[in-house]
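Student: I have a structure to read and want to learn how. Can we take it one feature at a time?

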Amino acid sequence: MFKNKWKVAFLSLIGVLVLSIIILTIMIFQPVEKSTIIKKQQGEEVPFAVTTNREDLTKLINHYLEKEGLNGPIHYEINIADQVELYGTLPIFNTDIQMKLTFEPVALENGDLLLKQKEISIGQLPLPVSYIMNFIANQYNFPDWVDIQPNDEEIYVHLTEMNLKNGMLVKMKTFDLEQNIIQFNLLLPTE
């Protein structure tokens, strides 16, 4: 009887080992569970949200204007404070006359930016806004994606048509100067 207990224990141990090997083999050869893989669609862009402030955006815009040589014969620069300000000088009779245009920015749902004319001054001389905006449109070298609309007294900035390197696109989300929050998406192509 003593011999039968050892025999049963030995056979039970062999059975547990064989069963363990079978279970391990089955588990090893089962496919791995995959989580859903996000597949790109052709022509899809990946958005990166960018948040900045007035000071940093002013530096970026003026650097872009200088680098791209968008000033033309008349020098101008942008300042973003409580409103968007365009400062420039007009050479008249060997004298530089200063001008200032102020705009209220509006972020549009399509990602573009609308700058509504608030006030304009050339030296101390008041002139009709549409006349000055028409003059600026003819004298300044603006990129194709900036549309000056003198009759509506506004500038439409087609950010979504702006050509950036590597096919990137820009879409404006928020342009809140009162809270000093400027947000936009950089859309990077996946191809």
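Student: Which residues does Asp112 touch, not counting residues up to four places away in sequence?

Tutor: First, the ground rules. This is a predicted model, where local features need pLDDT of at least 70, side-chain atom pairs count only at pLDDT 80 or more, and totals for chains, interfaces and linings use all residues. Residues are numbered from 1 along each chain as its sequence is written, and side-chain values use heavy atoms, leaving out hydrogens and water. Contact means heavy atoms within 4.5 Å. Asp112 touches Val106, Ala107, Tyr156, Val157, His158, Leu159, Thr160 and Met172.

Student: Is Asp112 buried or exposed?

Tutor: Buried means under 20% relative accessible area, exposed over 50%, partly exposed in between (1.4 Å probe, protein chains only). Asp112 has 2%, so it is buried.

Student: Where does Asp112 lie?

Tutor: Strands (E, at least two residues) are DSSP runs, numbered from the N terminus. Asp112 sits in the loop between strand 4 (95-107) and strand 5 (113-122). Its C-alpha atom is 8.4 Å from that of Val170, 58 residues apart along the chain.

Student: What is the phi of Asn180?

Tutor: Asn180 has a positive phi of about 60°, although it is not a glycine. Asn180 is in the loop between strand 8 (169-176) and strand 9 (181-189). With a relative accessible area of 22%, Asn180 is partly exposed.

Definitions and conventions:
Helix = DSSP H or I, 4+ residues; strand = E, 2+ residues; numbered from the N terminus.
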